[in-house]
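The following account leads the reader through one protein chain. Please keep the sequence and the coordinates at hand while reading.

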Amino acid sequence: MSLSPSICRFGAVFAGALLAAGGDAAAFDVKKLDRSVVRVQHLFSYQGKEILGVHGTGFVLNDEGYVVTNHHVVDVTGKMPDGVKQLAIVIPDGAWTRRLKATRIWSNKDYDLAILHVPDLRRPHVVISAAPWQKLEKGEPVFAFGFPKAGDTTGATIETSFTRGDVSKTERARGTKDGAVQPIVQHTASLNPGNSGGPLFNQCGEVVAINTFAAQSTFKLTKGNSGETVAHGPAVSGVYYSPHVSALVRFLSTEEELKKIKFESNSAGCSRSATSIPYEMYLAIGVVSVLALASLLLALTRKRATVQVIESYSQWVRRRSDGGSSAHAPPPMLGPGGGWLLTGKDTGGEAVYLAIGRNELENASLGTDKGLVIGRSKALCAKVIADGSVSRRHARIVALGKGLGIEDLNSSFGVTVNGKRVEPYKAVPIPDGATVTLGDVKLLIKEA
């Protein structure tokens, strides 16, 4: 007696998944990654004495001594007292007696990034995650290394502090009031002053973000009965922010002065099971066991039978879209009236297809939305683009004469037609062959 080939194949795949999960479990090595994190310390001479100034954290980008940190860590404008004679950025490498001079070769205030060169630094480099920021999942574990000032209990230590937490959410926002809009990771791995510029690792030991700031608590100060100052208000806890590393990767790949700097990256993303076997795996064990036993009993008691399930194309479209027309599914037929195709790629590099049929648009123009709404929400939109830069209800496609028009529904990151910004709730025509952007998603419009 033998099991059916399908059961054997299923078991082999399942066993492989378990082995893969177990193999990834050893991917995060605290001791190894700790060697790639350095303290960035300002020294200055004041009244004949050497004084330690502000400090932060950095991480080693390659074997040639390049280090990444925050712009605000190396920019000490207004942070030093009058009378400073000399100022130097140094990186202690193993001991304060081994100080290595660091030179700032590039920085960007808008993205709060800086790159230092430390020629004599001999430390292992990190691996940068080049996977899209949307791949970071809510609840995914993250790990932070750094030199918080609160950790300097015995002077300026060169021993890193290590914290762990989970991704709370990812979104595009401004890191500072005047900073650039960029992907930012909110997480619960504790950060304090001094952590700035340090790496935030995923469970595979890859840098996914750069630790920068924490949510600030706001207190109201009053006077107590004895004249003492009393602070009232909730203290913010567990809300920390790290801009995603994608901006750094983009600068390293496009800026002429930075293209010479080598770095190691991985665009494959990190498996959810890298640090533990998820509960879904245990559930799968039970399901596989039941299915295997049921299949064995059927094989012993009944003759073989073949069942074929046929699904229509329209059923397939409804199942894939779950209420809205998915931009990542193959475009449906436009119908006898023709229409327009909108094609492009999302920020994750996946192909985007949207089909606007003439008859479909005419019918939608008579409805409550007065057109076809495009956005991220399947429940609220007729056409769906599942991209983080696209708002839930981002734009509306309307009929303008015999052509197309578009209006911005007050989206977070706007709409442009051939590079020109569309004002909210004011429909503008879309010429054939035009390029329309919704957030960071670019679409080419072609009449078909």
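This is a predicted model: local features need pLDDT of at least 70, side-chain atom pairs count only at pLDDT 80 or more; totals for chains, interfaces and linings use all residues.

Residues are numbered from 1 along each chain as its sequence is written, and side-chain values use heavy atoms, with hydrogens and water left out.

The predictor's confidence in each residue is expressed as pLDDT, from 0 to 100. Its mean for the protein is 80, and 77% of the residues reach 70 or more. The pLDDT is below 50 over residues 273-279; in the model this stretch has 13 contacts (heavy atoms within 4.5 Å) beyond near neighbours in sequence. Over residues 303-324 the pLDDT is likewise below 50, and that stretch has 19 contacts beyond near neighbours in sequence.

Helices (H or I, at least four residues) and strands (E, at least two) are DSSP runs, numbered from the N terminus. An open sheet of mixed pairing is formed by nine strands, in the order β13-β16-β10-β9-β8-β11-β12-β7-β17; two strands pair if DSSP finds at least two bridges between them. Because β13 (213-214) and β17 each have a single partner strand, they stand at the edges, and one side of each is left without a neighbour in the sheet. The partner of β13 is β16 (residues 240-243), to which two bridges join it in an antiparallel arrangement. Within this pair, Phe 213 has Tyr 241 of β16 as its bridge partner.

How many disulfides does a search of the whole structure find? There is one, where a disulfide is a pair of cysteine sulfur atoms within 2.5 Å. Cys 204 is joined to Cys 270, with an S to S distance of 2.1 Å. The two cysteines lie 66 residues apart and link distant parts of the chain: Cys 204 is in the loop between β11 (199-201) and β12 (206-210), and Cys 270 is in the loop between β17 (264-266) and α5 (279-301). The link is right-handed, with 85 degrees about the S-S bond. Cys 204 counts as partly exposed because its relative accessibility is 22%; buried means under 20% relative accessible area, exposed over 50%, and partly exposed in between (1.4 Å probe, protein chains only).

Tyr 66 is found in strand β3 (residues 66-69). This tyrosine counts as buried, at 9% relative accessibility. Leaving aside residues up to four places away in sequence, Tyr 66 touches several residues, among them Phe 59, Ile 105, His 117 and Lys 260.
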